[in-house]
Amino acid sequence: MISVELRGFPPVIDRHVATLILGSFPSETSLAKSQYYGHPQNQFWRLVGRVIAAPLVTMPYESRIEVLLAHHIGLWDVIGRCERAGSLDSAIRNATRNRFRRVTNIAGGLRRVCFNGKTAGGFETLFAERGYETFVLPSSSPANTTAFPLKLRAWRRALATTGDSGKANTGHRSRVTGHGYQC
């Protein structure tokens, strides 16, 4: 397979975002649909929907984004451009990371950064050193065979909030990983 240079998506962010979920880079299906987590087997929308008690899976994409922002949750990826054949993170070459200051300047209330899988989680230290509460989560990718209930437990803990303020319910840096997960 031949690698081609790909560009990711702009951040889903506003000034009220308190939690940012960072993935690695969109899959081929997501890029074709121009949607974060567009592959039907990716469990992202199912996981987050269960955590925030919203039927995200059944909503149109634009509505999903509106609901995330209403819950003070933003989305982006750690990689902005790369070469890749297929959709696996292991196939990523010549990656250029996104400029996170772009997001942190807009979302002044950002307190927590969650990383969807190990590839994204490689950037955890960058945010932890800046004082953000961080969580490395089991990947929502269909390539991750961790049982859904185990993923959900980790995602619930990481996205737990107090009320509608979007503020984290803990003031410490945490690291959550799924039992034996792989990306």
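This report describes the fold, helix packing, aromatic contacts and selected loop residues of a predicted model.

## Overall architecture

The secondary structure of the protein comprises 7 helices and 7 strands. Along the sequence, these elements follow the order β-β-α-α-α-β-β-β-α-β-α-α-β-α.

Of the 183 residues in the protein, 50% are buried.

## Helix H2 and its surroundings

Helix H2 spans residues 44-52. It is largely enclosed by the rest of the structure, because 7 of its 9 residues are buried. The buried residues of H2 are Phe44, Trp45, Leu47, Val48, Gly49, Val51 and Ile52.

Just after H2, alanine 53 adopts a positive phi of about 55°.

The axes of H2 and H7 (residues 148-159) lie 9 Å apart, and the two helices pack at an angle of about 55°. H2 is therefore oblique to H7. The crossing of H2 with H7 is right-handed. On the H2 side, the contact is made by Phe44, Arg46, Leu47, Val48, Arg50 and Val51, and on the H7 side by Phe148, Lys151, Leu152, Trp155, Arg156 and Leu159. Between two of these residues, the charged end of arginine 46 sits over the ring of phenylalanine 148, at 3.6 Å from the ring centre.

H2 also packs against H3, at an angle of about 45° and with the axes 12 Å apart. This angle makes H2 oblique to H3. The crossing of H2 and H3 is left-handed. The contact involves Phe44, Trp45, Val48 and Ile52 of H2, together with Tyr61, Arg64, Ile65, Val67 and Leu68 of H3. Phe44 and Val48 contribute to the contact with H7 and also to the contact with H3.

## Aromatic pairs and the aromatic cluster

The structure contains 11 aromatic pairs. In one of them, the ring centres of tyrosine 37 and phenylalanine 44 are 4.0 Å apart and the planes meet at 10°, so the pair is stacked. Tyrosine 37 counts as buried because its relative accessibility is 12%. Phenylalanine 44 is likewise buried, at 0% relative accessibility. Another pair, phenylalanine 100 with phenylalanine 123, is edge-to-face, with 6.1 Å from centre to centre and 70° between the planes. This pair links distant parts of the chain, its members being 23 residues apart. Phenylalanine 100 lies in the loop between strand S5 (93-97) and helix H4 (101-106), while phenylalanine 123 lies in the loop between helix H5 (118-121) and helix H6 (124-128). Phenylalanine 100 has a relative accessible area of 8% and is therefore buried.

One aromatic cluster is formed by Phe9, Tyr36, Tyr37, Phe44, Trp45, Tyr61 and Trp155. Several of its members also take part in the helix contacts described above: Phe44 and Trp155 belong to the contact between H2 and H7, and Phe44, Trp45 and Tyr61 belong to the contact between H2 and H3.

## Loop residues with positive phi

Tyrosine 37, the partner of phenylalanine 44 in the stacked pair, lies in the loop between helix H1 (28-33) and H2. Although it is not a glycine, tyrosine 37 has a positive phi of about 50°.

Histidine 72 is located in the loop between H3 and S3. This residue is also not a glycine, and its phi is positive at about 65°. With a relative accessible area of 15%, histidine 72 is buried.

Alanine 107 lies in the loop between H4 and strand S6 (112-116). Its relative accessible area is 2%, and alanine 107 is therefore buried.

Leaving aside residues up to four places away in sequence, alanine 107 touches Ile13, Asp14, Arg15 and Val17. The C-alpha atoms of alanine 107 and isoleucine 13 are separated by 7.0 Å, although the two residues are 94 residues apart along the chain.

Key. Residues are numbered from 1 along each chain as its sequence is written. This is a predicted model: local features need pLDDT of at least 70, side-chain atom pairs count only at pLDDT 80 or more; totals for chains, interfaces and linings use all residues. Side-chain values use heavy atoms; hydrogens and water are left out. Rings of Phe, Tyr and Trp (its six-membered ring) pair if their centres lie within 6.5 Å; planes under 30 degrees apart count as stacked, over 60 as edge-to-face and the rest as tilted. Buried means under 20% relative accessible area, exposed over 50%, partly exposed in between (1.4 Å probe, protein chains only). Helices (H or I, at least four residues) and strands (E, at least two) are DSSP runs, numbered from the N terminus. A charge sits over a ring if NZ of Lys or CZ of Arg is within 6 Å of the ring centre and within 35 degrees of the ring normal. Axes are lines fitted to C-alpha atoms, for helices over the stretch in contact, and angles run from 0 to 180 degrees between N-to-C directions. Angles under 35 degrees count as roughly parallel, over 145 as roughly antiparallel, 65 to 115 as roughly perpendicular and the rest as oblique. A crossing is left-handed if the near helix is turned anticlockwise from the far one by less than a right angle, and right-handed if clockwise. Contact means heavy atoms within 4.5 Å.
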